[in-house]
Amino acid sequence: MEHRNSHPREMRRSERVWAYAALLVMLVLVLAAPLGLAMAQEAPAGAAVEYRDVPGIGSRNLIWIVAQQHLLLAGFVLGVPIFAWVCEIVGVRTKDPRYDKLAKEFTKLLTSAYATTALFGGILLFLLIGLYPKLMNYLTDVFFPSFLVYSALFLLETATLYLYWYGWDAMQGRKKGMHLFLGFLLHVFALFIMIVPNSWATFQTSPVVITESSMWAKAWAATWNPTWWPLNVHRLIANVVLGGFLCGAYAGLKYLMTTSQEERVHYDWMGYVGNFIGVFGMLPLPFAGYWLMREVYQYNQQMGITLMGGFLSWLFILQAMLIGILFLGANYYFWLGIMYRIPGSEPKYRRPILIMLVILLVCLGIWMTPHSLVASLEEARKMGGTHHPLLGVFGVMSAKMTVANLMILVTFMSFIMYWRAGKQETAAWAKAAKAVMGVILGLAAIVIVVLGVWGYFVPAITRIDKFSTTQVLIVLFVLLTVTPLTGLLMKSAKTTTEMVWGVMPARAGYALVLNAVMVILLMTLMGYARSSSRVHWHIYGVMQDTSPYAYSPALGYAAAFMSLNTFLFCLMVAFIFWVASLGGEKKPQQKETRLPVVGAGPVPVVRQ
Amino acid sequence: MTEVQLLQVIGLTVVGVGASLLLFVKARFIRVVAFVSMVLGAFSLVALGVPQMASLPPAVEKFDVASIKDKKDLAAIGQKIFFGKGQCALCHTIGSSEGRCPDLKGVGAKLTRQFLYESLTQPQAYVYMDYQHVGPPKFFPAKMPYINKKPIGLNKNEIYAVIAFLQSMSGEEITVDPSEIEAPYDVVLVIGDKAGGQKVFRALCAKCHTVGVAEKGKTDLLPVLGRQTDPGLRRLVLSEPKLGSKDHQGFDRKLALKDFDDLMAYLMDAKATAKPL
């Protein structure tokens, strides 16, 4: 039972404490770098320094933390506006003012988020110049023109952001089109702001031969390296996912804390929208990841093997676990939505939800099965090697690709089920359309499984080139046919049961927070994978890392850093949300009925 | 306590504190922070439970010319390079068709030494798709890297050794002769007498230098020896002394060749054993 803490003012106070804590952590980080550097041993003046170290934390670890915070914040400031802009468009199309309000609420975050991102970008740059001068000299020599382009893009982005944010209210009504266009421009510049530094990072992974030519030609040749576009696409989609799930987490947190029914309704709906956009982005994300890995393999098999079959192979088991939990969390939230928001739907949907849950768990189990097991000598002898006679079958790519595609299909089905819940189709062709959709889904699942099993009996190259690609195309086909078909069906459908907002249980809020944490952890995990795939090279095959940190730490140590980075980022996002709320906090004057916080049970109403 | 154990203790503590906060604290924001901490702690514990493998830079393999007595020795070194620094076995197999790239069984018999050398150093010069001579030409998507360039960067000696291994495992006569292996610049045969060298050191060098002993006004040579190769040391003593120093001038005339060899033998022994005088 919760009694006193249901008061909003007190909750805001606790929120502030954590926000101050986040600020303190950031300050410690910022101050620790120069202090550490001051203690670092310096080479004689004029001598060429290749590396500087920071005693205690170590130069590599410091760069790791700052770069990760910068990257996550960058994902936030690129992903959230896309999310907000999509909401603004939906608001214009549906004439529902809630979407415009939501879009504005999230755009407001950008001013403080941009400053924090730029701050970490600046710290990262200074640290890189100071700690890795040899590498930075080389990169500057190759990429200097793109540094200029990057600066120009920042100017354009900043100017557009000011116009977009401060012109929000002025550009309503007939000028809304202009405002949407500004939003579009904002994303064009933001896209380029993302892909320019991507070229620096991908050049380190997959460098191309740089011949002596003009500085622009050199920079362009280096920019257009094999993994540049796959990473651009992967990061763009991932940023949308991050934006969606962060919005969901914010809504979940607010939903858990609020005592006002009006706010509860608002944040419940916001959580739904955030989760929806997150899931929508998540469905094509594995395909973009698959493309990136293909390019890595084609560029250099050795690097691909390091990632998938070498010392990083266990990392992909962890990735499977995180993605699996994310899929489960997103589906669970959909299912809770059906059960709670649509009264009387439980008997109808309990069985299909149970079936989907079982499929998801089985798929997750297969996805997480390692190729070889950690076994004692005796166990290995009994098994006849480190491959389990039964489980070993599931540890190969053919099985993993199959279950990944099935999980996407199941999640898509959850989404469609939620969409159709509480509605009755009225179109004459509804029955036929539903039958066609059922056949498409059923056939797709069968073909995916058949290809998966067949994949065991063909050469690896056939499986990679033909079977896996076909599986991906089948899932894309399902998404691209069933979505518009359902949209058409729902257009003429009548609502049988109105959705009730603001009645979700507390665990729905925690599910939203969990999803956001999973996405952030995944980003930190895959950042480590990308960086470690270069092994002991700053620029693969071109510039060797000769510092004492020319090794990739083991997964356990790396995971501790990932967790730390995720926690710091969450604190910083909380701080940004809090800062943004300072300007527009509501001060309700009239007395309103206060409810206990969600999940706290009936409590006495506390009035001011 | 190992690093993994320490991290496990930290992870368990985080999970424990998070669980306690969830049990006893009612404030929702703190509960959510505790929930997030528990998730992150649990993730770290899972990651600490899987095999812990760090990726260390590859050990620099010594190509010891002196140890090569015959062609078999050369092939043995080639085998190590094939499965080690050369990373050939990442893609190629020997006697199995499961690999991503052509199986190299019998390749030493099929291809000449010159062709093998060209395949390793100019892989795109002649792409032999139909290497199996049966069925339609087979396409191999993996492009052979330039083995003499980075990131693998085998030198000429190492490539010769790999060719010797390929010929040997194909049952062919090894056509690479150990005499073709070039002695690296660093390899110097110590031919002096270290006892004699100690006398030379005391007579000429001990005024200003020690080896492994800190003495006021004298330079300890042990750190210098650690940084220098034998040829570098010879240059340092004979022709390129420290800038501005006049002490070493004329050593090339003062020292008899035998005395100099003895001095080198003595210093190189001190470097190898790293023990003070």
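1. In this predicted model, the secondary-structure elements of chain B follow the order α-α-α-α-α-α-α-β-β-α-α-α-α from the N terminus on, which amounts to 11 helices and two strands. Of the 277 residues of chain B, 27% count as buried, and among the contacts of this chain with a separation of 6 or more, 62% are between residues 24 or more positions apart.

2. On confidence overall, the model scores ipTM 0.84 and pTM 0.73. Chain A has a mean pLDDT of 83, with 84% of its residues reaching 70 or more, while the mean pLDDT of chain B is 78, with 73% of its residues reaching 70 or more.

3. Within chain B, the element with the highest mean pLDDT is H2(B), at 94, and the one with the lowest is helix H9 of chain B (residues 230-238), at 65. Residues 185-189 of chain B have pLDDT below 50, and the model gives this stretch six contacts beyond near neighbours in sequence.

4. In chain A, the lowest mean pLDDT of any element, 54, belongs to helix H1 (residues 8-39), and the highest, 94, to helix H19 (residues 506-532). Two stretches of chain A also deserve a careful reading. Over residues 1-11 of chain A the pLDDT stays under 50, and the model has 24 contacts for them beyond four places in sequence; over residues 601-608 of chain A the pLDDT likewise stays under 50, with 15 contacts beyond four places in sequence.

5. The interface can be described from the side of chain B, where 36 residues are in contact with 48 residues of chain A. Helix H1 (3-24) and helix H2 (28-49) of chain B each supply at least two residues of the side that touches chain A, and H2(B) gives the most, with 15 residues. By class, this side of chain B has 26 nonpolar, five polar and five charged residues. The helix that gives the most to this side, H2(B), is also the element of chain B with the highest mean pLDDT.

6. The surroundings of A:Val519 can be followed residue by residue: leaving aside its neighbours within four places in sequence, A:Val519 is in contact with A:Val241, A:Leu242, A:Phe245 and A:Leu326.

7. Helix H10 of chain A (residues 285-299) has 15 residues and reaches 21 Å from its first C-alpha to its last, close to the 21 Å expected at 1.5 Å a residue. Its buried residues are A:Phe287, A:Leu292, A:Glu295, A:Val296 and A:Tyr299, a list that includes a glutamate. What covers the buried residues of H10(A) includes H8, helix H11 (301-308) and helix H18 (460-491) of chain A.

8. A:Ser151 has its place in helix H5 of chain A (residues 133-166), and this serine is classed as exposed because 10 other C-beta atoms lie within 10 Å. Between A:Ser151 and A:Leu285 there are 134 residues in sequence and 29 Å in space, taken from C-alpha to C-alpha.

9. Most residues other than glycine have a negative phi. A:Lys95, however, has a positive phi, near 60°, and lies in the loop between helix H2 (59-94) and helix H3 (97-107) of chain A; with 8 other C-beta atoms within 10 Å, A:Lys95 is exposed.

10. The second case is A:Val535, whose phi is positive, at about 45°, although this residue is not a glycine. A:Val535 is placed in the loop between H19 and strand E3 (537-539) of chain A, and A:Val535 counts as buried because 23 C-beta neighbours lie inside 10 Å.

Terms used. Residues numbered from 1 in each chain as written. Chains lettered and ligands numbered in written order. Predicted model: local features only at pLDDT ≥ 70, side-chain atom pairs only at ≥ 80, totals over all residues. Helix = DSSP H or I, 4+ residues; strand = E, 2+ residues; numbered from the N terminus. Buried ≥ 20, exposed ≤ 12 C-beta atoms within 10 Å, placed from the backbone. Contact = placed C-beta atoms within 7 Å. Nonpolar A, V, L, I, M, F, W, Y, C, P; charged D, E, K, R; others polar. Expected span 1.5 Å × (residues − 1). pLDDT = per-residue confidence, 0-100.
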